[in-house]
Amino acid sequence: MAARTVTLSTGHKMPVVGLGTWQSPVGQTLKREDVFIVSKLWNTKHHPEDVEPSCRVSLEKLQLQYLDLYLMHWPIAFKRGEELMPRKEDGSIHYADTHFIDTWKVMENLVDLGLVRAIGLSNFNSKQIDQILEVAKHKPVVNQVECHPYLNQKELLEHCKQRRIVLTAFSPLGSANRPWAKPGDPKLLEDPKLLDIAKKYGKSPAQVILRWQLQRGIVCIPKSSNPSRIKENFQVFDFTLSDEDMESMMTFHRGQRLVVPKIEVDGKEHWRDVGHPHFPFLAPY
């Protein structure tokens, strides 16, 4: 049976199932010591002078003294400023030349100042992780990436485990409600093979996916604002998938990203940032 927490390389314990809050309404407030709170540094705040102020703004908005974990959201820097998606005249993203290593070095100061307990990465590939590790005083404890049966991240998971970095899965259920989904796009939770496994265990497809992730050593943050679904997503500690079913679910892999952001430039849709030298998804893993 999978444990309910994982110990990070800092010694702090992190829940193995969390709650994704993207597009969620304001919820109830819990006692600070009862929750493990993660926030992220956005791309427009990568400049060394912007990192600490941005973190302090997040703390102020959340009414917190510290964050349990603070992640660099992407390895790509956008133009400094308050506009979340700064654009050029043609509609393309306006980038900055700040390297993610320079951003990381300043994020380390946040640990020393007690503003955050640990720092980590999001959407970084294996090569970029190792570039950070070569210079890190405070090593990244987490790499948060898209991960689900259609994109099982097998190689990246092994890479992170060897470096004592916890892989955290966002959109672990395939982001069925993503706004940009098109007719004909795959619907993971309706996959017939998954439904068969779920029926076998008397569990929902979502519970089977989360259990599969946990048995692989992956932390999950399924997003939901539905109280019954939230409760269901945490009821994954009373059963274990067989080795056969674990292996079967690995065969679902399509190498398919469902959550890569896209933008329109000159009337055509493109992967956002695909031309940037730090775009992470052109590497094998």
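Visitor: Is Ile-165 buried or exposed?
Guide: In this predicted model, Ile-165 has a relative accessible area of 4%. The cut-off for a buried residue is under 20%. Ile-165 is therefore classed as buried.

Visitor: Where does Ile-165 lie, between which two elements?
Guide: The helix on one side is α4, residues 154-162.

Visitor: Which residues is Ile-165 in contact with, leaving aside its neighbours within four places in sequence?
Guide: Contact here is taken as heavy atoms within 4.5 Å. With the neighbours within four places set aside, the partners of Ile-165 are Ile-129, Leu-133, Pro-140, Val-141, Val-142, Asn-143 and Cys-160.

Visitor: What is the order of the strands in the open sheet?
Guide: The sheet has six strands, with parallel pairing. β3 and β8 (219-221) stand at its edges; each has a single partner strand, so one side of each is left without a neighbour in the sheet. From one strand to the next, the twist averages 30°. The order is β3-β4-β5-β6-β7-β8.

Visitor: Which residue in β5 is the bridge partner of Met-72?
Guide: β4 pairs with β5 (residues 119-122) in the parallel sense, over three bridges. On the β5 side, the bridge partner of Met-72 is Leu-121.

Visitor: How far apart are the end C-alpha atoms of helix α1?
Guide: Helix α1 has 15 residues, 48-62. At 1.5 Å a residue, α1 should span 21 Å. The computed separation of the end C-alpha atoms agrees with that span, at 22 Å.

Visitor: Which residues of α1 are buried, and what covers them?
Guide: An α-helix has 3.6 residues a turn, so residues three or four places apart point the same way. The buried residues of α1 are Asp-50, Val-51, Ser-54, Cys-55, Ser-58 and Leu-59. Their cover includes β3 (38-41), β4 (69-72) and α2 (100-112).

Visitor: Which residue just after α1 takes a positive phi?
Guide: The phi in question is about 55°. The residue that takes it, just after α1, is Gln-63.

Visitor: How are α5 and α6 placed relative to each other, and which residues make the contact?
Guide: Helix α5 (residues 192-201) packs on helix α6 (residues 205-215) at an angle of about 90°, with the axes 8 Å apart. The two helices are therefore roughly perpendicular. By class, their contact has seven nonpolar, no polar and no charged residues. Those residues are Leu-194, Leu-195, Ile-197 and Ala-198 of α5 and Pro-205, Val-208 and Ile-209 of α6.

Key
Residues numbered from 1 in each chain as written. Predicted model: local features only at pLDDT ≥ 70, side-chain atom pairs only at ≥ 80, totals over all residues. Heavy atoms only, no water. Helix = DSSP H or I, 4+ residues; strand = E, 2+ residues; numbered from the N terminus. Expected span 1.5 Å × (residues − 1). Buried < 20%, exposed > 50% of the residue type's maximum accessible area, 1.4 Å probe, protein only. Pairing = 2+ DSSP bridges. Axes fitted to C-alpha atoms, helices over the stretch in contact; angles between N-to-C directions. Parallel < 35°, antiparallel > 145°, perpendicular 65-115°, else oblique. Nonpolar A, V, L, I, M, F, W, Y, C, P; charged D, E, K, R; others polar.
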